[in-house]
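I'll jot down what I look up as I go.

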Amino acid sequence: RDCHHLGIQNNFDYERFIKFARVCEVKDMMHICTRDKEAGNLYDMFHTRNCLYRRAYQHKVGNLIETMITDAFLKADPHIKIKGSGGKVFHISTALEDMEAYTKLTDEIFLKILHSDEPELSDAREILCKIQRRDLFKCLGETQPPEGKEIKQENYEGLCAEIVNSKPMTISEDVELKAEDFIVDVIDMDYGMKKKNPINNVHFYCKYDITQAIKITREQVSKLLPEKFAEQIIRVYCKKKDTKIIEAAIQYFVQWCMDKDFTKPRDGDVVAPKLTPMKKGWNKDDENQDSNRNSSGLKCKVKLF
């Protein structure tokens, strides 16, 4: 359904999977198994799921709008009153404690703030107006931590301060950024079982004995399948709009990636050409290409002379 409405190609044939599904006994328990030749089809299913998360569910603009709406609701929370059972008054954050108040917590809250005239809702109203005008915060870039050094949830709050503390030497002194100027979005992507391969928990059967359940490893299916089944993506946004400040914020972000030993942002060589050459681990491919060119050039000279 989601692939159809989003226009994303879906290679998983669910009708074929259902057709070949049957129940087999595994260690005195009944399991739904599928035909051995459907192992590749199952990998396609999880790959499609990952594509949907990457391109739709966790899209950088969608996540940013959710964050901006959250900020607006937090600013409006003390000033929005929702009447619940017994005449008791609740706020947006406490309405879930009363069923009558919770049923009134609909999308109307968004429009109520957007069309309000109360001065105490001005900050929240301004954020929602920016969403309506598509005047969104600027995405500075995307990076990934090395395996084993993923950011834990309890450390999320200190990430903005870390970026501010990673001020590069190339930034002029007249540009000063604060932690509240940044938004860090940490996204965990996987195949549904953290770092584990979910296909390892699936049982199959073959045509020679349809009652006997078997396991099929990744190597038995194809050598072109993924070796890792989880990753963490980190996106950083800036709330400021001034071009000079945005350029400085990008330098902060790239320097932070260097300090944390994260992957180089895709446009890092373009937006921070003075910083990226300073990180040796980010330029290995360029060094290898140069050495290959030099070696091929020497071979040509030997052949010619």
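**Entry 1: ground rules.** Before anything else I need a cut-off: a residue is buried if its relative accessible area is under 20%, exposed if over 50%, and partly exposed in between. I also note that I'm working with a predicted model.

**Entry 2: aromatic pairs.** How many aromatic pairs does a search of the whole structure find? I get 7. I started with Phe-12 and Phe-17, whose ring centres are 6.1 Å apart with the planes at 50°, so I put this pair down as tilted. Phe-12 has 14% relative accessibility, so it goes in my buried column. Phe-17 comes out at 24%, so I list it as partly exposed.

Next I looked up Phe-46 and Tyr-191. Their ring centres are 5.8 Å apart and the planes are at 10°, so this pair is stacked.

**Entry 3: around β7.** I checked Tyr-205 and found the charged end of Arg-22 over its ring, 5.7 Å from the ring centre. Then I followed the strands: β7 pairs with β8 (residues 209-214) in the antiparallel sense, over 2 bridges. Phe-204 stands opposite Ile-214 in β8. Between β7 and β8 I see 2 residues, and the two strands form a hairpin.

**Entry 4: a nonpolar patch.** Which residues make the nonpolar surface patch of about 340 Å²? I wrote down Val-23, Met-30 and Ile-32. Met-30 belongs to strand β2 (residues 29-35). Its relative accessibility is 56%, so Met-30 counts as exposed.

**Entry 5: salt bridges.** My search of the whole structure turns up 17 salt bridges.

- Glu-231 and Arg-54 meet through their side chains at 2.2 Å, N to O. Glu-231 is in strand β9 (residues 230-238) and Arg-54 in helix α3, so this bridge ties together parts 177 residues apart in sequence. I have Glu-231 as partly exposed at 27% relative accessibility, and Arg-54 as partly exposed at 29%.
- Lys-241 and Asp-135 form a salt bridge at 3.1 Å, N to O. I place Lys-241 in the loop between β9 and α10 (243-260) and Asp-135 in the loop between α7 (122-132) and β5 (138-143), 106 residues apart. Lys-241 is partly exposed at 40%, and Asp-135 is partly exposed at 26%.
- Glu-142 and Arg-235 form a salt bridge at 3.0 Å, N to O. Glu-142 is in strand β5 and Arg-235 in strand β9, 93 residues apart.

**Entry 6: a network.** I also checked which residues are joined by salt bridges that share partners, and one network holds Glu-126, Arg-133, Asp-135 and Lys-241.

Key: Residues are numbered from 1 along each chain as its sequence is written. This is a predicted model: local features need pLDDT of at least 70, side-chain atom pairs count only at pLDDT 80 or more; totals for chains, interfaces and linings use all residues. Side-chain values use heavy atoms; hydrogens and water are left out. Rings of Phe, Tyr and Trp (its six-membered ring) pair if their centres lie within 6.5 Å; planes under 30 degrees apart count as stacked, over 60 as edge-to-face and the rest as tilted. Buried means under 20% relative accessible area, exposed over 50%, partly exposed in between (1.4 Å probe, protein chains only). A charge sits over a ring if NZ of Lys or CZ of Arg is within 6 Å of the ring centre and within 35 degrees of the ring normal. Two strands pair if DSSP finds at least two bridges between them. Helices (H or I, at least four residues) and strands (E, at least two) are DSSP runs, numbered from the N terminus. Patches are made of residues with over 30% relative accessible area and no salt bridge: like charges are joined within 9 Å, nonpolar side chains (Val, Leu, Ile, Met, Phe, Trp, Tyr) within 5 Å. Accessible areas come from the Shrake-Rupley method with a 1.4 Å probe; for residues, only the protein chains shown count as cover. A salt bridge is a side-chain nitrogen of Lys or Arg within 4 Å of a carboxyl oxygen of Asp or Glu.
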